[in-house]
Amino acid sequence: MKSKNNNFELKIKSQLMADHYFNGRQGEQRFGNYLAEDIKKAKFCILGVSESIGPFANYGRVGAEFAFTAFYKHFVSWPYQDQSVDIIGNVTFIGSFPEHVNAASALVEELDVFLLEILIDFVSADQVPIVIGGGHNNALPIMRWAAQVKSCNTVINLDAHTDCRALNRRHSGNSFSFALSEGTITTYHAFGIHSYSVTPFMSNFMKDFDVEVATYESYLLKNRVLSSDVQRVIQDSPQAVGLEIDLDCIANMPSSAASPSGWDLDHIRAVVLQIDTQELAYIHLTEGAVISSDHERILGRSLGYLCLDAIALRG
């Protein structure tokens, strides 16, 4: 399955398993063993996205194209514990990498259409997709799917950045300004925003669309509690809520805009573990980036923990 202009391709689960040899232990059921079986309508569906076109179009670093593979290699080796989960596949970029941001933006628009098509084809209203890898540009087609299939109009974004930049062209920095402007979502909660990254345009845009912004500095001063903010939004919403976790919000995490300041991984894990994830429309783990070989294990296991926390058996 390929995108309209053949720049992106969906590698389905069987292709993933053929490309990445899994070496399990005798007598132990691992995710690699479980996923090789025929799975009947899992509650959670994992979709990988291997691209850094969106961050490049936003003048950012590449590396997000390696995040899902880093996750997958660790995930298949973990013990399977009766979670209801399946893998759709991995969307890969197979075109020629652009030299200029305008050309990259055209590719982002192509990917927007392709991801929406995949989600509509493979995920039903009673399932929760977990999209892993790629840039934050992919939030827009996920939100469009959630609005169309689950009537989801509320999104929580744990992020160092608002991603509410101008709408002149598509990239990883304006998924939420697009979604708000076109009415895909009506309520946007941006938690953990680094206050020094907010421009006057973003500030005015968020005021116009009544965006709830909680800066990381407000949590740092202990004026707010992240888990309480997240639970409040979920409980107050009559429909399922979209959950975005941009790995830029985690301190020293290999990510597109890595920072020494931010929450630690266990803080974000605790937030996810407190959520009844069946109340979520989707989960998006994005902007993880492998910039050097040392990053692959850290990023792969971090994404694995967050994914396993989301699909953990409760009770």
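Is phenylalanine 31 buried or exposed at 0% relative accessibility? Phenylalanine 31 counts as buried (under 20% relative accessible area; exposed is over 50% and partly exposed lies in between, with a 1.4 Å probe and protein chains only).

## About the model

This is a predicted model, in which local features need pLDDT of at least 70 and side-chain atom pairs count only at pLDDT 80 or more, while totals for chains, interfaces and linings use all residues. Residues are numbered from 1 along each chain as its sequence is written, and side-chain values use heavy atoms, leaving out hydrogens and water.

## Aromatic pairs

Let's begin with the rings. A search of the whole structure finds 16 aromatic pairs (ring centres of Phe, Tyr and Trp, the last by its six-membered ring, within 6.5 Å; planes under 30 degrees apart are stacked, over 60 edge-to-face, the rest tilted). One of them joins phenylalanine 31 and tyrosine 34, edge-to-face, at 6.4 Å centre to centre with 80° between the planes. These two residues are three apart in helix H2 (residues 31-35), so about one helical turn separates them; helices (H or I, at least four residues) and strands (E, at least two) are DSSP runs numbered from the N terminus. Tyrosine 34 is buried too, at 8% relative accessibility.

The pair of phenylalanine 201 and phenylalanine 205 is stacked, because the ring centres are 6.1 Å apart and the planes lie at 25°. Here the spacing is four residues within helix H8 (residues 200-208), again about one helical turn. Phenylalanine 201 is partly exposed at 40%, whereas phenylalanine 205 is buried at 8%. Elsewhere, Phe31 and Tyr34 belong to one aromatic cluster with Phe68, Phe71, Tyr72, Phe75 and Tyr80.

## Serine 105 and arginine 170

Now to helix H5 (residues 101-122), which holds serine 105. Serine 105 is buried, with a relative accessible area of 3%. Beyond its neighbours within four places in sequence, serine 105 is in contact with Ala57, Arg169 and Arg170 (heavy atoms within 4.5 Å).

Arginine 170 also has its charged end over the ring of phenylalanine 178, 5.5 Å from the ring centre (NZ of Lys or CZ of Arg within 6 Å of the centre and within 35 degrees of the ring normal).

## Strand E8

Six of the six residues in strand E8 (residues 241-246) are buried. Val241, Leu243 and Ile245 lie on one side, and Gly242, Glu244 and Asp246 on the other.

E8 runs parallel to strand E5 (residues 154-158), joined by four bridges, and parallel to strand E9 (residues 280-286), joined by six; strands pair if DSSP finds at least two bridges between them. Glutamate 244 is the bridge partner of asparagine 157 and stands opposite histidine 284 in E9.
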